[in-house]
Amino acid sequence: MDGDRQPPAAPPPAQQQSGKYRPPHLRNQESSGDGGARPPPLQRRTVVGCSETDANRRSWDQRTCQLPSNASKLCVQLQNNSEPKQPQSGSPENTDNKILPAKRPVGSTHGGRPVNLVVNHFLVRFNPRVTIFHYNLDIKQVISHGKRPAKKSKKKVNLRLIRDKLCLDDPARFPLNRTAYDGEKNLYSAVPLPTGQFNVELCDIEDLLTRTYVVSIKLMNELKLSKLEDYLSGKVAYVPRDILQGMDLVMKENPSRHRISIDRHFYSSSFNAEDDFKHGVAAYRGFQSTLRPTSQGLALCLDSSVLAFRKPLAVMDFLKENIPEFDGMYLGLSLRRRVAHALKGLTVRVTHRVTKQRFTIAGLTAKNTRDLWFDFVDPKGRDPTVNVSLVQYFRHKYGKDIVYQDIPCLILGRNNRTSHVPMEFCILSVGQRYRKELLDEVSQDKYDAKCLAWPPERRKTICETMQAYDGPCGDVTQNFGLRIDKNMTSVEGRVISPPDLNLGAPDGSVDIVRVENEKCQWDIAENSVVEGKQIERWALIDFSSSDSSKAKDFIRNLRNRSRSLGIYMDEPLLCHFTGMREFSSVNRLEGLLRSVVEEASRKIPNRLQIIICVMAEKHHGYKYLKFVSETRIGVVTQCCLSNHAFRGDEKFLGNLCLKINAKLGGSNVELTQRLANFEEEDHVMFIGVDVNHPVSKKSTTPSIAAVVSTVNWPAVNRYAARVCPQDHRTEKILEFGSMCRDLVSTYFQVNRVKPKKIVVFRDGVSDGQFDMVLNEELSDLKRSVCDENYKPTITLVLAQKRHQTRLFLENVLDGGATGNVPPGTVVDTKIVHPFEFDFYLCSHYGRIGTSKAVRYCVLWDENSFTSDELQKLIYNLCFTFARSTRPVSLVPPVYYADLVAYRGRIFQEVAKEFQSRSNCTSAFDRSFYNLHPDLENIMFFV
């Protein structure tokens with residue numbers, strides 16, 4: 001217990017006398033004379049049962065700190081009292097003995113040539129003496145009819161109107177421009193607000209009814225920005241997420257008032273003329289932003305985005321733009337169907353009366369406008385019910401003459417009620433998304449070009465957004481005491497040199513290739529693979545036609561191309577010709593594949609190595625093929641489209657051969673030199689981890705966890721895979737430990753030795769989930785893999801792709817033809833975390849749009865990597881991806897885990913169909929996802 005501890009040793013006198021606080025990584029550097037000492041890979045919070053003030057005065061005694069009960073086998077390198085004092089957590093919500101992310105290693109990085117960059121990080125200055133007040137808002141409507149209970153308003157638009165009315169009614173106590181609201185329950189204020197219940201009355205101009213709402217305001221927290229300053233300077237170890245969330249919402253308040261809000265993006269309410277796709281659709285430009293703690297301070301990271309919306313046209317204009325035959329006159333049956341199809345489901349606002357309501361188009365009236373009559377009931381009950389025409393009603397009620405009387409009216413639905421409104425009085429409402437898949441081919445190309453903007457264009461758009469009146473730099477932001485530098489951050493990056501590669505030579509020897517070109521690409525036309533598999537038993541299924549001559553040409557071209565790459569293919573054992581109708585059901589495909597396998601087995605005793613399937617087109621039955629072949633039959637399949645296969649293109653055939661060779665256990669390319677920080681006798685295993693979440697919000701659809709690992713050393717280019725379903729949208733991998741234990745056993749079976757070192761690359765994790773990965777998944781891995789006789793050293797690295805950071809060359813001439821940063825560009829200063837171990841690495845050549853670097857965050861490191869070593873290791877691994885002849889954008893273990901998780905999603909879609917037929921829960925049945933024993937340890941997923 002804490003009360004029984006001895007007082008910690010005093011820090012060195014030099015540090016006691018220091019008047020200025022130094023972050024941990026800088027203090028370590030000062031206290032280490034030779035700069036070679038590395039801090040341990042983790043820290044633990046050991047202060048228990050004391051106030052925040054006391055905790056900040058106490059030092060860490062890691063000699064006596066205990067491991068959490070759920071991690072009794074963690075191999076922990078503890079600090080000595082002689083080492084510098086580490087920052088403590090100032091967050092009261094964290095439990096004791098939590099493992100903290102690894103700190104950045106001591107010493108500067110120097111690998112690679114320097115390159116000057118600018119980054120879309122904008123420094124945010126704040127006053128640490130400021131307090132932001134966080135309130136909870138609960139809004140209910142007062143119902144005066146009978147004894148019905150008060151009803152909560154659910155729409156964000158309505159809630160914002162109520163908040164705005166509250167502020168307008170009493171601006172002295174509720175200053176609108178000093179508050180930020182998320183449209184639901186959270187309200188942040190720069191000044192203290194009254195708490196309690198307040199009545200707000202909103203008058204509906206349409207029906208002159210006044211609705212009363214009760215707004216309950218409760219103080220939730222006082223966010224002191226001094227805590228954020230302490231975190232940025234390294235005085236506290238836990239990130240104050242509540243403060244960052246509040247400040248982030250303040251940054252979003254101004255654009256939320258002026259722009260279209262979609263998810264976390266904000267789009268302009270108007271579009272540029274060059275962004276018009278016609279047919280009632282246009283591309284709208286917007287942005288996404290987030291606040292990040294960085295080494296230079298708090299930074300706003302802002303990136304541009306593009307999304308297709310329906311233009312807010314009058315319905316008549318919309319129809320004329322979409323349907324050339326429409327002229328507002330008589331609609332024939334065919335034209336009527338086209339009009340109904342184009343309008344159904346769209347939302348509109350009406351112009352014949354004053355209202356802010358939006359209505360959904362349910363359809364068209366059966367009769368034309370001039371023939372529509374209805375019973376008018378006096379709402380006051382004084383006059384008898386009369387039958388009136390719609391034309392007369394609009395003339396007398398609203399003073400509107402209907403021009404287009406020979407076409408139907410729109411049936412508008414709202415709150416389970418419908419009304420008939422002439423088309424000419426309806427306008428499409430703003431902010432209706434349009435799916436990219438519905439655009440024609442020309443518009444899709446234009447849309448892609450706008451989304452994938454070149455670096456100079458994207459950089460210009462981001463800077464214009466920062467200057468815009470509806471951007472993040474509004475009055476509200478300034479009223480909270482926040483000042484944003486509107487210039488991008490200048491930073492010096494480094495370009496790591498590419499590794500030398502081993503490829504096959506024409507005489508069968510190994511040729512060392514030096515990659516020096518701009519794209520870091522190697523040419524397989526001049527070389528062959530390192531190890532080509534002998535393909536003696538294979539079959540061809542042609543689903544595209546019964547023309548055997550095309551198939552024979554394809555076989556000849558494929559065999560010739562494979563031979564030039566050092567992959568020797570015999571003639572196929574059999575060729576089967578059929579049609580795409582076989583993809584209509586699982587049973588048909590299974591029967592076909594089994595018959596092919598059985599026929600081949602009659603010709604040769606050993607099983608088929610691979611079946612090459614030529615498809616006439618992309619088909620949803622592709623998932624049936626993969627499910628049957630990989631879980632039931634156990635034969636590798638390689639699919640290709642007939643229009644590519646029969647063309648005989650050398651590049652296509654070469655890529656096809658690379659995939660086939662990798663699937664069958666061959667080696668396409670290897671690194672010449674050993675990986676950084678490892679020796680040949682180390683036996684290192686690299687693990688890639690990913691979770692694929694379903695688009696569906698139904699809890700009956702599982703998430704898919706995938707884990708892959710290398711099974712060879714030192715080439716590290718062959719992988720085994722495991723896939724498992726788990727609870728809906730659960731990010732934590734529930735079977736992580738058992739899957740890794742199985743893969744370690746596989747490594748032992750292949751190499752007759754267990755790996756001494758393990759490097760785990762985890763994908764798909766946000767900053768808020770670091771603790772889960774570090775304190776739950778890592779603990780599960782340790783418990784499952786380690787024992788008294790086996791304790792490998794483990795490094796855990798997160799790969800983040802979903803961030804907004806973009807790197808731009810300060811001088812475009814420093815890059816290639818595309819203007820992107822060159823492959824191997826790494827940044828580990830200014831824009832990275834204040835003291836944790838992370839960096840940005842752009843490992844690929846950006847051919848299209850603006851390159852996006854991957855952020856790698858080291859949470860745990862028992863292998864004592866320096867920054868240079870880990871950066872070089874990851875970059876070199878990016879050259880080993882089996883089906884590419886240039887470095888890929890993401891470290892291969894994670895890339896492969898993504899592919900396996902997607903394959904698991906395909907299995908789930910098949911399971912869902914079985915589930916709907918048999919009313920069982922096969923989608924969550926792990927046995928449904930079990931790979932065939934013949935495939936689970938090879939790269940069937942490439």
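Predicted model: local features only at pLDDT ≥ 70, side-chain atom pairs only at ≥ 80, totals over all residues.
I started with Lys 623 and Glu 909, whose side chains meet in a salt bridge at 3.9 Å, N to O. Lys 623 sits in helix α15 and Glu 909 in helix α21 (residues 892-918), so this pair ties together parts that are 286 residues apart in sequence.

Next I checked how open the two ends are. Lys 623 is buried, at a relative accessible area of 14%. Glu 909 comes out as partly exposed, with 34% relative accessibility. The 34% falls between the cut-offs of 20% and 50%, which is why I wrote "partly" for Glu 909.

I then looked for another partner of Lys 623. Its side chain also meets that of Glu 913 in a salt bridge, 3.2 Å from N to O. This one again runs from helix α15 to helix α21, linking parts of the chain 290 residues apart.

For the whole model, the tally I got was 53 salt bridges.

Another pair I looked up was Lys 450 with Asp 275. They form a salt bridge, and the closest N and O atoms are 2.9 Å apart. Lys 450 belongs to helix α10 (residues 441-451), while Asp 275 is in the loop between β10 (265-267) and β11 (276-278); the two are 175 residues apart. Buried or exposed, I wondered, for Lys 450 and Asp 275? Lys 450 is buried at 14% relative accessible area, and Asp 275 is buried too, at 1%. Both calls follow because the values lie under the 20% cut-off.

Back to α15, this time for its packing. Helix α14 (residues 586-603) packs with α15 (residues 622-633) at an angle of about 55°, and their axes are 9 Å apart. That angle makes α14 oblique to α15. I noted the crossing of the two as right-handed.

I listed who touches whom. On the α14 side I have Val 586, Leu 589, Glu 590, Leu 593, Arg 594 and Val 597; on the α15 side, Tyr 624, Leu 625, Val 628, Ser 629, Arg 632 and Ile 633. Sorted by class, this contact has eight nonpolar residues, one polar and three charged.

Last, I went through the backbone. Most residues other than glycine have a negative phi, and most peptide bonds are trans, so I looked for exceptions. Where is there a cis peptide bond? I found one joining Trp 713 and Pro 714, with omega about 10°. Pro 714 is in the loop between β33 (703-710) and β34 (719-726).

For positive phi, I wrote down Asp 263, near 55°. Asp 263 is in the loop between β9 (260-262) and β10, and it is exposed, with 68% relative accessible area. I also wrote down Arg 752, where phi is near 60°, again positive in a residue other than glycine. Arg 752 sits in the loop between α18 (736-751) and β35 (757-763). At 58% relative accessibility, Arg 752 counts as exposed, because the cut-off for that is over 50%.

Key
Residues numbered from 1 in each chain as written. Heavy atoms only, no water. Axes fitted to C-alpha atoms, helices over the stretch in contact; angles between N-to-C directions. Helix = DSSP H or I, 4+ residues; strand = E, 2+ residues; numbered from the N terminus. Parallel < 35°, antiparallel > 145°, perpendicular 65-115°, else oblique. Left-handed = near helix turned anticlockwise from the far one by under 90°. Contact = heavy atoms within 4.5 Å. Nonpolar A, V, L, I, M, F, W, Y, C, P; charged D, E, K, R; others polar. Salt bridge = Lys/Arg side-chain N within 4 Å of Asp/Glu carboxyl O. Buried < 20%, exposed > 50% of the residue type's maximum accessible area, 1.4 Å probe, protein only.
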